[in-house]
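Subject: A structure for you to explore

Hi there,

Here is the structure I promised to pass on to you. Have a look around it first, and then read on for what turned up.

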Amino acid sequence: ILKMEMRRRLRVCVATCNRADYSKLAPIMFGIKAQPENFELEVMVLGSHLIDDYGNTFRMIEQDDFDIGSKLHTIVRGEDEAAMVESVGLALVKLPDVLQRLQPDVLVVHGDRFDALALATAAALMNVRILHLEGGEVSGTIDDSIRHAISKLAHYHACCTRSAEQHLIAMCEDHSRILLTGCPSYDKLLSAHRRDDYMDIIHSWLGDDVKEQDYIVALQHPVTTDIKNSIKIYELMLDALISFNKRTLILFPNIDAGSKEMVRVMRKKGIERHPNFRAVKHVPFEQFIQLVSHAGCMIGNSSCGVREAGAFGTPVINLGTRQTGRETGENVLHVRDADTQNKIYHALELQFGKRYPCSKIYGDGNAVPRILKFLQSIDLDEPLQKTFRFPTVKECISQDIDHILETQSALAVDLGGTNLRVAIVSMKGKIVKKYSQPNPKTYEDRIALILKMCSDAACDAAVNLNCRILGVGISTGGRVNPHKGVILHSTKLIQEWSSVDIRTPVSDTLHLPVWVDNDGNCAALAERKFGHGRGVENFVTVITGTGIGGGIVQHGELVHGSTFCAAELGHIMVSLEGPECSCGSRGCIEAYASGAALQREAKRLHDEDLLLVEGMSLKKDEQVTAAHLISAAHLGNSKAEAMLQTAGAALGMGIVNILHTVNPGLVVLSGILASFYQNPVQQAIRQRALSSAQGIHVVISELEEPALLGAASMVLDYTTRRTY
């Protein structure tokens, strides 16, 4: 509460470049001005607002009672490509002084104009946060390139449609900084287009003899990537309008390259003196809304035709490619290849005087409240640097001198209950060399041995095996925090191995990056990179060895869980009253189906002289193991068979629970008991799983060293920039 009370007002600078973007920005400016307790508004005006030929439209901003803090003359006249570039350069020269003086917290920029690109460039380089309106849209011209460039410079995005939102996400923008607001101009037009004085507005612009829906609004801009063709279309449109013989309000084109030639065509045809035409440089937005909403038709290539006009159901004829890719309502008839006067004339015959259902593709009238709330949520203390959300990059090994002369490899470490193993693993999953030592019982001895074995292996790799070690991957029993490289809780088989930071000493000694995860997760990673999991988005690996463990891969990524105990599959309970488990609970899968559980049952039968049958023998001092229980069952020992059936049913029931929880596409059984359990698991799935899960395949891992390969994969995936 104290933080909220102490928070100062957010200084928001709204920069407007022309009449079109002001229609989108004005509602936001009014909203900001109405909340002086939360915001401090600064208004910057530049671009064609300050040019007489384009109506000196800055005056309408003053008429709206906004104080213009800065006026920047940034337009270099010429109306060609070079003039546009020079205008951007001129704006970049002038903007630093203004931004330094205003010191805004946020700069609000609209759309896809070259002026807006200069604004976004200057603000980004001067560490000013940018809110971009209408990013993510597609229109099919150079505007797309400018719009997307501004989006990449902007820190926050207020977009108009669901498709635009998805485009921004696809462009790797942070989803948490994208707000689907709708178009701000809809806030005004949806509430204001039914004014009582609309006929007075129509008469003032088109003449007293004009009736509602018996006139045309024309607005055509140049396409800067195809100026010659856009001028030709403009000439054909004027010819068609002259022939169609309806009163027409025609607005001058914008200041883009090619506009001078368009105006020349208009004057050559005498449009300004023609009795059916009213040629104007600017119409205030509130009045323009009335003119469009009550028109018999709108024609041209303005975004107003495909956006705002749809809110009224006004028929629209969209000429050429300038709006290709934009979402439109059914009121828009496209004439993309507008190469003849007759084609445009025919479109006028089809559209003029029709009415269509109102479309709200671009907004519902509540954009401004959403944007103001979004602005208030901006944390000025969070880092200014943008972060991009790149998708996972599939494996692609580039060819360079290192790949040609050396084998890029990982150092893999497997900490088991009995042995400590280190291996050099190549990019393709080949174990180049393996080293093994008994796992020491104390923490100090174990750390010392790990460091010595890793150092020796790294030296061996470099000197004798021509391998470049890219990093170290460590697989260990227990619960692991892979982000910090810390073993949180170890298994009972490895003593003095809880709350251990293993990453730091290994990284400091070898000067290499180090990854750590538990053996179950490593087995799943091994399958993802080298085994049955390649190309499978969702699968589960279940390890059946001394204990029961595994890993879950969802959408191609390993699931760790909030406290790093996801995929503790051995501790799924399948019975409320079952044998005691090593975790302290009862009825876990591991208490029934692990190698340790089978060994326990084998010893019990042996102690009762019920294990050995004909064909079996035990040497003096030979230890009873799970293998003896399995042999006894194969030789007809009914009690051993019953125990194994119970173990198989328990594991199968647990895997059915997994299928019903995460619904994988594949189950991979790994470990020394995998082949024995395949049939019981498949039988349990057929008998107990929901029908939609019964078709899921259960396969046996073909990997000989899943822990080592999984540990190596953490390193090798990093080198190909795959997220882990």
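Let me start with a question: is D519 buried, partly exposed or exposed? Please keep in mind as you look that this is a predicted model. With a relative accessibility of 34%, D519 counts as partly exposed, because that class lies between the buried limit of under 20% and the exposed limit of over 50%. You will find D519 in helix α19. The UniProt record, an unreviewed entry, gives this position the feature "active site". Setting aside residues up to four places away in sequence, D519 touches S475, T476, G477 and I543.

Next, the sheet beside that helix. Helix α19 covers residues 519-530 and lies across β17 and β21, with its direction at about 110 degrees to β21. Those two strands belong to an open sheet of five strands with mixed pairing, and the order is β16-β15-β14-β17-β21. At the edges are β16 (431-438) and β21 (514-518), each of which pairs on one side only. From one strand to the next, the twist averages 20 degrees.

Now for another set of residues from the record. The unreviewed UniProt entry lists H571, C581, C583 and C588 under "binding site". These residues span 18 residues in sequence, yet no two of their C-alpha atoms are more than 8.8 Å apart, so they gather at one spot. Two of them are worth a visit. H571 sits in the loop between β24 (557-558) and α20 (589-593), and C583 lies in the loop between β24 and α20 too. H571 has a relative accessible area of 28% and is partly exposed; C583, at 43% relative accessibility, also counts as partly exposed. Leaving out residues up to four places away in sequence, H571 touches C581, S582, C583, C588 and E590. With neighbours within four places set aside, C583 is in contact with H571 and C588.

Two packed helices are described by the angle between their axes and the distance between the axes. The axes of α4 (residues 81-102) and α5 (residues 114-125) come within 9 Å and cross at roughly 40 degrees. The two helices are therefore oblique to each other, and their crossing is right-handed. On the α4 side the contact is made by M84, S87, V88, A91, L92, L95 and L99, and on the α5 side by F114, A118, L119, T121, A122 and A123.

Finally, a residue in another loop: P275 lies between α11 (259-268) and β10 (277-280). At 58% relative accessibility, P275 counts as exposed. How far is its C-alpha atom from that of N518? The two are separated by 83 Å, and along the chain P275 and N518 are 243 residues apart.

Enjoy exploring, and write back with any questions!

Best wishes

How values were computed:
Residues numbered from 1 in each chain as written. Predicted model: local features only at pLDDT ≥ 70, side-chain atom pairs only at ≥ 80, totals over all residues. Heavy atoms only, no water. Pairing = 2+ DSSP bridges. Helix = DSSP H or I, 4+ residues; strand = E, 2+ residues; numbered from the N terminus. Axes fitted to C-alpha atoms, helices over the stretch in contact; angles between N-to-C directions. Contact = heavy atoms within 4.5 Å. UniProt positions renumbered as here; feature names shortened; annotations may be inferred. Buried < 20%, exposed > 50% of the residue type's maximum accessible area, 1.4 Å probe, protein only. Parallel < 35°, antiparallel > 145°, perpendicular 65-115°, else oblique. Left-handed = near helix turned anticlockwise from the far one by under 90°.
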